[in-house]
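Please find below a short note on the model under review. The points are numbered so that each can be checked against the structure in turn.

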Amino acid sequence: MVDLLYALMLRSGCDAAGAIAEYIGGSEEAFVEMMNAKAAEIGCTSTHFTNSTGLHDNNQYTTAQDIYRITAYAMQYDVFEKIATSYSYTMPATNKNDERTITHTCSIMNPSSSYYDETVHA
């Protein structure tokens with residue numbers, strides 16, 4: 001699950017989102033229902049999910065305020081904070097693949113980027 005979360009959050013892995021949704025919810029649809037219920041539970045009033053990937057759908061929407069609520073809720077969990085603030089992650093070898101390192105798709109997370117602010121990442 002940790003490998004899937006890193007793939008989802010660092011590489012925007014839609015396949016990881018689907019695997020997580022099916023494992024946690026039993027199906028994509030059931031997981032999306034869980035996402036909407038949790039969003040409502042934490043006070044999101046202008047958010048509606050239709051998929052676990054975040055890919056565009058005309059019926060999927062949110063606001064900056066609701067994204068803040070979701071992020072603040074998620075940051076209560078150490079594993080989320082650790083993954084969300086990581087630039088890279090080394091996945092251990094499996095019976096199908098050698099050890100491999102994945103990196104974040106966002107330039108602002110790259111310590112070699114001119115956009116990187118080490119005071120934020122300290």
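**Notes on the predicted model**

1. Overall content. The protein chain has six helices and two strands. The model is a predicted one. Along the sequence, the elements of the protein chain are arranged in the pattern α-α-α-α-α-β-β-α. The C-alpha trace of the protein chain extends over about 40 × 40 × 25 Å along its principal axes.

2. The protein chain comprises 122 residues, of which 25% count as buried.

3. Helices α1 and α2. Helix α1 covers residues 2-11 and helix α2 covers residues 14-25; their axes come within 8 Å and cross at roughly 135°. This angle makes α1 oblique to α2, since an angle over 145 degrees would be needed for the pair to count as roughly antiparallel. The crossing in which α1 passes α2 is left-handed. On the side of α1, the contact is made by Leu4, Leu5, Ala7 and Leu8, and on the side of α2 by Ala16, Ala17, Ala19 and Ile20. Sorted by class, the contact of α1 with α2 contains eight nonpolar residues, no polar residues and no charged residues.

4. Ser12 is located in the loop between α1 and α2. Ser12 has a phi near 55°, which is a positive value in a residue other than glycine. Is Ser12 buried or exposed? Its relative accessibility is 51%, so Ser12 counts as exposed; the cut-off for that class is over 50%.

5. Helices α2 and α3. The axes of α2 and α3 are 8 Å apart, and the two helices pack at an angle of about 85°. The angle makes α2 roughly perpendicular to α3, because values of 65 to 115 degrees are assigned to that class. Gly18, Ala21, Glu22, Ile24 and Gly25 of α2 make the contact with Glu28, Ala30, Phe31 and Met34 of α3. By class, the contact of α2 with α3 has five nonpolar, two polar and two charged residues.

6. Gln60. This residue, Gln60, lies in the loop between α3 (28-41) and α4 (64-74). With a relative accessibility of 17%, Gln60 counts as buried, because the limit for a buried residue is under 20%. Which backbone atom lies 2.7 Å from a polar atom of the side chain of Gln60? It is the backbone nitrogen of Thr50. When neighbours within four places in sequence are left aside, Gln60 is in contact with His48, Phe49, Thr50, Asn51, Gly54 and Leu55.

7. His104. The loop between β2 (100-103) and α6 (118-121) contains His104. The relative accessibility of His104 is 16%, and His104 therefore counts as buried. Its side chain reaches the backbone nitrogen of Cys106 at 3.0 Å. Not counting residues up to four places away in sequence, His104 touches Met9, Leu10, Arg11, Ser86, Tyr87 and Met109.

8. Met109. Among the residues touched by His104 is Met109, which is found in the loop between β2 and α6. Met109 counts as buried because its relative accessibility is 11%. Met109 and Thr85 are 24 residues apart along the chain, and their C-alpha atoms are separated by 7.8 Å.

Terms used: Residues are numbered from 1 along each chain as its sequence is written. This is a predicted model: local features need pLDDT of at least 70, side-chain atom pairs count only at pLDDT 80 or more; totals for chains, interfaces and linings use all residues. Side-chain values use heavy atoms; hydrogens and water are left out. Axes are lines fitted to C-alpha atoms, for helices over the stretch in contact, and angles run from 0 to 180 degrees between N-to-C directions. Helices (H or I, at least four residues) and strands (E, at least two) are DSSP runs, numbered from the N terminus. Angles under 35 degrees count as roughly parallel, over 145 as roughly antiparallel, 65 to 115 as roughly perpendicular and the rest as oblique. A crossing is left-handed if the near helix is turned anticlockwise from the far one by less than a right angle, and right-handed if clockwise. Contact means heavy atoms within 4.5 Å. Ala, Val, Leu, Ile, Met, Phe, Trp, Tyr, Cys and Pro count as nonpolar, Asp, Glu, Lys and Arg as charged, and the others, Gly among them, as polar. Buried means under 20% relative accessible area, exposed over 50%, partly exposed in between (1.4 Å probe, protein chains only). A polar contact is a pair of N or O atoms within 3.5 Å; within protein, one must be able to donate a hydrogen and the other to accept it, and residues adjacent in sequence count only if both atoms are side-chain atoms.
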